Amino acid sequence: MREPVRFEDLRVGLEVPSLSKVVRREDVKAYADASGDQNPLHQSDEFARAAGFPGIIAHGMFTMAHLTSCLVRWLGDPGALLRMRVQFRSVVFMGDTIVAGGRVRELDPERRTATLDVWVTVERDGTTEYPIKRSEAEVRPG
Amino acid sequence: MALNLGLEGKVYPAIAFPVEADRVARFARAVGDDGSFVPPTFVTAGEFAALVQVIADPELGLDTTRVVHGEQEYEWRRPLRLGEELSVHPRIASIRTRGGHEFLTVETEMRDPQGELVVLARNTLIVRRRG
């Protein structure tokens, strides 16, 4: 992990370094096996097409896990992540590049916590979609 | 079929959630972490195992073909520890209708053997309007 961010480093408006990755079928399958969520929507193209999608979609929680990875890398400590609330607004297809990011919205010097706006984006057909939007995290860096 | 509003507040049996090193390692690989810590969202595995009871509850009448995951929230009181076993307690917190869609929120507490709250999870499933 990189050098952990400190509370003293934080300013309102400071951006969390973004983290991107390409969503691969084998990772989504590995996620299904490790999480226990074997919904066929995330494994069977035939099932996904019947549900109105061009192919399988990633679990929302797969995308939330990626956002969490982004924050923990920045914080340098999984224990510094206190709370996260996300809204799933768009689906993620195989081959998509998901980009997680965040920005400091508010600081609480007494508790040494920060509230962040957080999101995950995908560029698709020239437009930016938000698989995770209007979401927030509360962190307490060292 | 509409959701059974009478089930707000229903508590489901607790299940055991062992934080097994092998499963944590597989989860970390799947989400792209380096395996040096328990990924915070590993708690999803325990939450989902308990949530299955709610989803399959014949009294609730959830049409799984119309369900999408709308929102998710976690409050972590501390990181999970390898080898510990948590008990997972799901409860239907609310059932709401908005714009023809139904919103089912399940709150799940994860407690350690001493009864201390480790994680509070809130999962909102959206049952999409027909047509």
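Reader: When do two strands pair, and how many bridges join strand 2 of chain A to strand 2 of chain B?
Author: Two strands pair if DSSP finds at least two bridges between them. Strands (E, at least two residues) and helices (H or I, at least four residues) are DSSP runs, numbered from the N terminus. Strand 2 of chain A and strand 2 (residues 67-76) of chain B run antiparallel, and the bridges that join them number five.

Reader: What kind of model is this, and how are residues, chains and ligands labelled?
Author: This is a predicted model, in which local features need pLDDT of at least 70, side-chain atom pairs count only at pLDDT 80 or more, and totals for chains, interfaces and linings use all residues. Residues are numbered from 1 along each chain as its sequence is written, while chains are lettered from A and ligands numbered from 1 in the order in which they are written.

Reader: Which residue of chain B stands opposite Arg85(A)?
Author: The residue lies in strand 2 of chain B. Opposite Arg85(A) stands Glu73(B).

Reader: Which elements of chain A give two or more residues to the side that touches chain B?
Author: Contact here means that the C-beta atoms of two residues, placed from the backbone, lie within 7 Å. By that rule 27 residues of chain A are in contact with 27 residues of chain B. The elements that give two or more residues on the chain A side are helix 1 (25-35), helix 3 (60-75) and strand 2 (81-88).

Reader: Is Ala30(B) buried or exposed?
Author: Ala30(B) lies in helix 1 (residues 21-31) of chain B. A residue is buried if 20 or more other C-beta atoms, placed from the backbone, lie within 10 Å of its own, exposed if 12 or fewer, and partly exposed in between. Because Ala30(B) has 21 other C-beta atoms within 10 Å, it is buried.

Reader: Leaving aside neighbours within four places in sequence, which residues is Ala30(B) in contact with?
Author: With those neighbours set aside, the contacts of Ala30(B) are Asp27(A), Ala30(A), Tyr31(A) and Ala34(A).

Reader: Is Asp125(A) buried or exposed?
Author: Asp125(A) lies in the loop between strand 4 and strand 5 (127-139) of chain A. Asp125(A) has a positive phi of about 50° although it is not a glycine. Because Asp125(A) has 5 C-beta neighbours inside 10 Å, it counts as exposed.
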